Amino acid sequence: MAFDPQRRAHDLPADLAMALFRVSQAIGLLVRDVAGAHGLSPAQANALIFLRRGRPGVRNVTGVAQRLGITLATASGVIEALAAKGLVEKSRSAADGRVVSLALTPAGAQQAARLEAMLEPLRQILAGLAPDEQRQLQQLLARVIGGLVARGIIRPYLICWQCRFFRPFAHPDNPAGPHHCAFMDAPLPAEHTYFECPDAEPILEPLNSQ
Ligand code: SF4
């Protein structure tokens, strides 16, 4: 219904939904163009970035499938293609020998770093907003994303500092890490707190739980 211009003329939420749809289309084009310039499909590019930014414990085919919203079979094909290009390597998980862990090769890490420039045009546009507008938009979008997560449409993939399970500096002298994850009930080293995590839950309340 948000696609109906007459509806959008008197239905602000529908107009906002269409605006977000157009932004998502633009992001899809940015991803496609940047990935293509590096000889990659959009899924391959997104998988490389996930393997750079995802929490180490979820860097496997299941994690890629969940992060990209694709089937396991498709994710497996994406990983095989990246391995064939020398960008990803596989190894048996030390914790569970049945799980194949994925890691970027040095070439894959370089490629992922280059790909991350894909959102720069959008960042530059947002930088044109006043700081208080940026903060307001950040909070509102976080609630919109929270609403999508609450409906099971996407997973949150927040970092620890945005997660309600995070207990910063809970045990500052613990050699395994000064922070704590209440979800895993485990210490967290500082360098792990900036990885994207599928188990995170946002601190903010989601918008519109109807
Ligand atoms: S559940 Fe939250 S606190 Fe735990 S690792 Fe994930 S993001 Fe960090």
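Before selecting anything, a word on contacts: two residues are in contact if their C-beta atoms, placed from the backbone, lie within 7 Å. Among contacts in the chain between residues at least 6 apart in sequence, 51% join residues at least 24 apart. What you're looking at is a predicted model, where local features need pLDDT of at least 70, side-chain atom pairs count only at pLDDT 80 or more, and totals for chains, interfaces and linings use all residues. Residues are numbered from 1 along each chain as its sequence is written.

**Stop one: the whole chain.** Zoom out. The C-alpha atoms fill a box of roughly 55 × 45 × 30 Å, taken along the principal axes. Switch to cartoon and you'll find eight helices and five strands, which are DSSP runs numbered from the N terminus (helices: H or I, at least four residues; strands: E, at least two). Trace them from the N terminus and the order is α-α-α-α-α-β-β-α-α-α-β-β-β.

**Stop two: two domains.** Colour 5-119 as domain 1 and 129-192 as domain 2; such bounds come from an automatic or database domain assignment. Their centres, taken over C-alpha atoms, are separated by 20 Å.

**Stop three: a helix crossing.** Select helix H2 (residues 12-37) and helix H3 (residues 42-53): their axes come within 8 Å and cross at roughly 90°. Axes here are lines fitted to C-alpha atoms, for helices over the stretch in contact, with angles running from 0 to 180 degrees between N-to-C directions. So H2 is roughly perpendicular to H3, a label for angles of 65 to 115 degrees. Show side chains for Val31, Arg32, Val34 and Ala35 of H2, plus Pro42, Gln44, Ala45 and Asn46 of H3, which make the contact.

**Stop four: the ligand.** Which residues surround the ligand? Select Leu158, Cys160, Cys163, Phe165, Phe166, Cys181, Phe183, Met184, Cys197, Asp199 and Ala200; a residue is near a molecule if its C-beta atom, placed from the backbone, lies within 6 Å of it. This shell divides into 10 nonpolar residues, no polar and one charged. Ala, Val, Leu, Ile, Met, Phe, Trp, Tyr, Cys and Pro count as nonpolar, Asp, Glu, Lys and Arg as charged, and the others, Gly among them, as polar.

**Stop five: Cys197.** Look in the segment after strand E5 (186-188). Is Cys197 buried or exposed? Cys197 counts as buried because it has 25 C-beta neighbours inside 10 Å; the cut-off for buried is 20 or more other C-beta atoms within 10 Å, with C-beta atoms placed from the backbone. Leaving aside neighbours within four places in sequence, Cys197 is in contact with Arg55, Tyr157, Leu158, Cys160 and Cys163.

Conventions
Parallel < 35°, antiparallel > 145°, perpendicular 65-115°, else oblique. Buried ≥ 20, exposed ≤ 12 C-beta atoms within 10 Å, placed from the backbone.
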